[in-house]
Amino acid sequence: MKKYNIAVVGATGMVGRTFLKVLEEMNLPVENYYLFASARSAGKTLQFLGKEYTILELDEHAFDRDIDIALFSAGGSTSEKYAPIAAAKGCVVIDNSSAWRMDPEVPLVVPEVNPDDIKWHKGIIANPNCSTIQAMVALRPLQLAYGIRRVIYSTYQAVSGAGMGGYADLENGIKGEAPKKFNHPIFNNCLPQIDVFLDNGYTKEEMKMVNETRKILGDDSMCITATTVRVPVFDCHSESINVELKKPFDLAELKAILAAAPGLVVQDDPANAFYPMAVTAKGKNETFVGRIRRDESIENGVNLWVVADNIRKGAATNAVQIASKLIEMWENGTIKR
């Protein structure tokens, strides 16, 4: 098997460092790694795969090297500027920011859900929003089996979704210090605002979930609404998902379909208080689903409780899985390098 060259852009950030952990675990066929960050981090070193790597500065000439795949997690403005530069040099960018997600020319991919969309990339592949990714892993098998008419999201999102500043606000809030990242204290509190409010009264995060769900599942007619909430939890997003299916379902059969779905682990034993939780999902690459029950207020309705590590499956793991799938497609001739 050919070996490839991979770059990590934003290697010193929270997601970037998790990229490195997941890359160590997945053992892709890689000849060389290049770790990039901003000028202020350039020259520092990181331990990775038993070696010491020097951080390189991201600039207009960074991709003059022979790089096959670049994993980006350095913010939207950085991706807007440098992803096209990398793509023009023949590198395939897998971007974790929101910059390219809704671009009709850019695939938005969750490998367990819509891997075939990778085939039509034009040099950039977008990693979906963290809260959307885990929902897709749970919803796709239901869509295939029954069809989906409507989805109602209520999310309980960890502070790590807001980066190091979110983490610091919770840590410092425990000590009684005022917040710097959030508008209000997050310790001992819930904030029904993630990102900015839009003209329709929804937050940008809520509309990301609506629009990204439709794009990934390939159904613009799907009725979707969302309320996203930041909660005083360090890691892992939890989601209550109410789904109205198009067809009747047997609950035992539905649970079996979820249990057989790729990347999804059913934890559903109410009698023994066994269900997905943030503390047990932390550090895992899978998505967990439980509290699976019929919605008795509506025909063909079902409730799900979905939990995943937002820095892993919600960001780094999903991106590395895309890279792995891309390499697999190159190797088997599905798409040309």
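Predicted model: local features only at pLDDT ≥ 70, side-chain atom pairs only at ≥ 80, totals over all residues.
An open sheet of 6 strands has the order 5-2-1-6-7-8, and its pairing is parallel. Its edges are strand 5 (56-57) and strand 8, each of which pairs on one side only. Strand 7 (residues 92-95) is joined to strand 8 in the parallel sense over 3 bridges, and within this pair Ile94 stands opposite Ile125 of strand 8. Helix 8 packs on the sheet, where it touches strand 1, strand 6, strand 7 and strand 8. Helix 1 (residues 14-26) lies across strand 1 (4-9), strand 2 (30-37) and strand 6 (69-72).

Another open sheet is formed by 6 strands in the order 10-9-11-14-13-12, with mixed pairing; strand 10 (223-230) and strand 12 (264-266) are its edge strands, and the twist from one strand to the next averages 25°. Strand 9 (residues 148-157) and strand 11 (residues 237-245) run antiparallel and are joined by 8 bridges, with Ile152 standing opposite Asn242 in strand 11. Helix 5 (residues 204-217) packs on this sheet and touches strand 9, strand 10 and strand 11.

| Helix | Strand | Angle between directions |
|---|---|---|
| Helix 1 | Strand 1 | about 150° |
| Helix 8 | Strand 6 | about 165° |
| Helix 5 | Strand 10 | about 140° |

**Helix 3 against helix 8**

Helix 3 (residues 130-146) packs with helix 8 (residues 312-332) at an angle of about 80°, the axes being 8 Å apart. Angles of 65 to 115 degrees count as roughly perpendicular, and the two helices are therefore roughly perpendicular to each other. Helix 3 contributes Cys130, Ile133 and Val137 to the contact, while helix 8 contributes Lys313, Gly314, Ala315 and Asn318. By class, this contact has 4 nonpolar, 2 polar and 1 charged residues.

**Asn127**

Asn127 lies in the loop between strand 8 (124-126) and helix 3. Residues under 20% relative accessible area count as buried, and Asn127, with a relative accessible area of 0%, is therefore buried. Its side chain makes a polar contact of 2.8 Å with the side chain of Asn96, and the side chain of Asn127 also reaches the backbone oxygen of Ala315 at 2.9 Å. Leaving aside residues up to four places away in sequence, the residues touched by Asn127 include Asp95, Ser97, Arg101, Leu108, Val109, Ile133, Asn318, Ala319 and Ile322. Among these, Ile133 and Asn318 also take part in the contact between helix 3 and helix 8.

Notes: Residues numbered from 1 in each chain as written. Heavy atoms only, no water. Axes fitted to C-alpha atoms, helices over the stretch in contact; angles between N-to-C directions. Helix = DSSP H or I, 4+ residues; strand = E, 2+ residues; numbered from the N terminus. Parallel < 35°, antiparallel > 145°, perpendicular 65-115°, else oblique. Contact = heavy atoms within 4.5 Å. Nonpolar A, V, L, I, M, F, W, Y, C, P; charged D, E, K, R; others polar. Buried < 20%, exposed > 50% of the residue type's maximum accessible area, 1.4 Å probe, protein only. Polar contact = N/O pair within 3.5 Å; in protein donor to acceptor, adjacent residues only side chain to side chain. Pairing = 2+ DSSP bridges.
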